[in-house]
Amino acid sequence: MHRREFLQKTTAMTAALGIGPVAAMARQTAPAAPRALAPATPARTFQLKYAPHFGMFQQSAGEDLFDQLKFMADQGFTALEDNGMMGRTPELQAQLGEAMARLKMQMGVFVIQTGGNNSDRFTTGKPENRGQFVKACEAAVEVAKRCNAKWMTVVPGGFERRLPIGVQHGHVIDTLRAGAEVLEKHGLVMVLEPLSDNPDQFLRTSDQTYMICRAVNSPACKILFDIYHMQKNEGHIIPHIDYAWSEIGYFQIGDNPGRKEPGTGEINYRNVFKHVHAKMRADSRDFIFGMEHGNAFPGKDGEQKLIDAYVAADTF
């Protein structure tokens with residue numbers, strides 16, 4: 001399933017026909033003023049910080065975003081990711097940040113809006129493209145302040161087929177350096193996501209992303225290791241995590257095939273989580289694990305099965 005298609009399906013109840021996923025997610029409504037949410041009463045304690053997204057538990061919690069947050073926290077989830085946060089109103093961004101703080105949840109990634117996953121703003125080397133990315137990073141800083149975010153997703157668009165691949169890499173690195181200079185001042189981190197959606201997307205593998213991060217040479221530019229995409233593009237998941245470990249800043253989850261919760265495909269998530277958890281403890285590192293996948297089964301029962309799948313995968 002393509003990234004755009006996945007986001008459209010997981011937010012189908014709030015998307016209108018023809019509206020892209022970020023816009024659709026941003027159109028979800030919420031109260032005009034913050035509500036005094038009761039403290040979370042977690043049903044369990046997970047070993048890792050799994051981060052659902054809005055819409056994942058809508059059948060159980062209802063359409064209200066704050067009710068969904070409370071439901072997530074009560075299930076033991078300690079983080080949230082919201083790809084469409086930049087498309088929400090500043091008021092709602094701040095309200096969601098306040099609600100997460102009250103529920104002791106961390107904000108995971110949101111997507112920096114750079115013209116889409118197949119844009120040419122990174123590989124062509126046009127000076128105006130670099131300036132546009134800097135402006136997008138400056139806007140992302142303000143969003144991050146409101147919702148207490150640290151990480152934001154960047155996809156370096158599509159290939160420029162008329163240029164040699166090394167030249168394209170140079171253009172991507174220069175553009176990312178310019179954005180990293182903005183984010184680094186504020187202690188923020190862009191995480192670069194290699195994708196498997198189609199062969200026109202420039203960033204494909206974890207080792208390619210590792211090389212780019214080393215070249216950018218900034219704490220504000222790291223890897224988003226999406227296990228679903230990397231299983232499709234390169235496999236050999238645990239060794240590739242080890243190879244890229246020093247540059248990984250964030251993980252995302254989805255089983256393959258199908259891009260649903262752990263246990264619905266071929267990836268042994270219990271072993272992957274166990275391995276990453278052990279490395280985290282050894283190196284005193286911490287990560288959020290974004291649940292960027294769909295639900296394998298419909299309705300409230302399907303949402304409970306998804307929770308049960310994480311309980312099982314987290315038992316290591």
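Predicted model: local features only at pLDDT ≥ 70, side-chain atom pairs only at ≥ 80, totals over all residues.

Stop 1: Switch to cartoon and pick out the open sheet of 7 strands, which runs in the order E1-E9-E8-E7-E6-E5-E4 with parallel pairing. Now colour E1 (49–51) and E4 (110–111): these two stand at the edges, and each has a single partner strand, so one side of each has no neighbour in the sheet.

How many bridges link E1 and E9? There are 3, in the parallel sense. For a specific partner, click Tyr50 and look across to E9, where its bridge partner is Phe289.

**Stop 2: helices across the strands.** Select 165–184, which is helix H7; this helix lies across E5 (151–154), E6 (189–192) and E7 (221–226), and runs at about 145° to E6. Next take H8 (residues 206–216), lying across E6 and E7 at about 165° to E7.

Back in H7, show the side chain of His169. Is His169 buried or exposed? Its relative accessible area is 13%, and the cut-off for buried is under 20%, so His169 counts as buried. Leaving aside residues up to four places away in sequence, His169 touches Phe202, Gln208, Met211 and Ile212.

**Stop 3: charges over a ring.** Lys279 lies over the face of Trp245, 4.9 Å from the ring centre. The charged end of Arg285 also sits over the ring of Trp245, at 5.1 Å from the centre. If rings are your thing, a search of the whole structure turns up 17 aromatic pairs.

Stop 4: Zoom to Asn256 and Pro257, which are joined by a cis peptide bond with omega at about 0°. Pro257 belongs to the loop between E8 (248–252) and H11 (269–283).

Then jump to Lys104, in the loop between H5 (90–102) and E3 (106–107). Lys104 isn't a glycine, yet has a positive phi of about 60°. With a relative accessible area of 72%, Lys104 is exposed.

Asn217 is another non-glycine with a positive phi, about 60°, and at 63% relative accessibility Asn217 counts as exposed.

Key. Residues numbered from 1 in each chain as written. Heavy atoms only, no water. Pairing = 2+ DSSP bridges. Helix = DSSP H or I, 4+ residues; strand = E, 2+ residues; numbered from the N terminus. Contact = heavy atoms within 4.5 Å. Axes fitted to C-alpha atoms, helices over the stretch in contact; angles between N-to-C directions. Phe/Tyr/Trp six-rings, centres within 6.5 Å; stacked < 30°, edge-to-face > 60°. Lys NZ or Arg CZ within 6 Å of the ring centre and 35° of its normal. Buried < 20%, exposed > 50% of the residue type's maximum accessible area, 1.4 Å probe, protein only.
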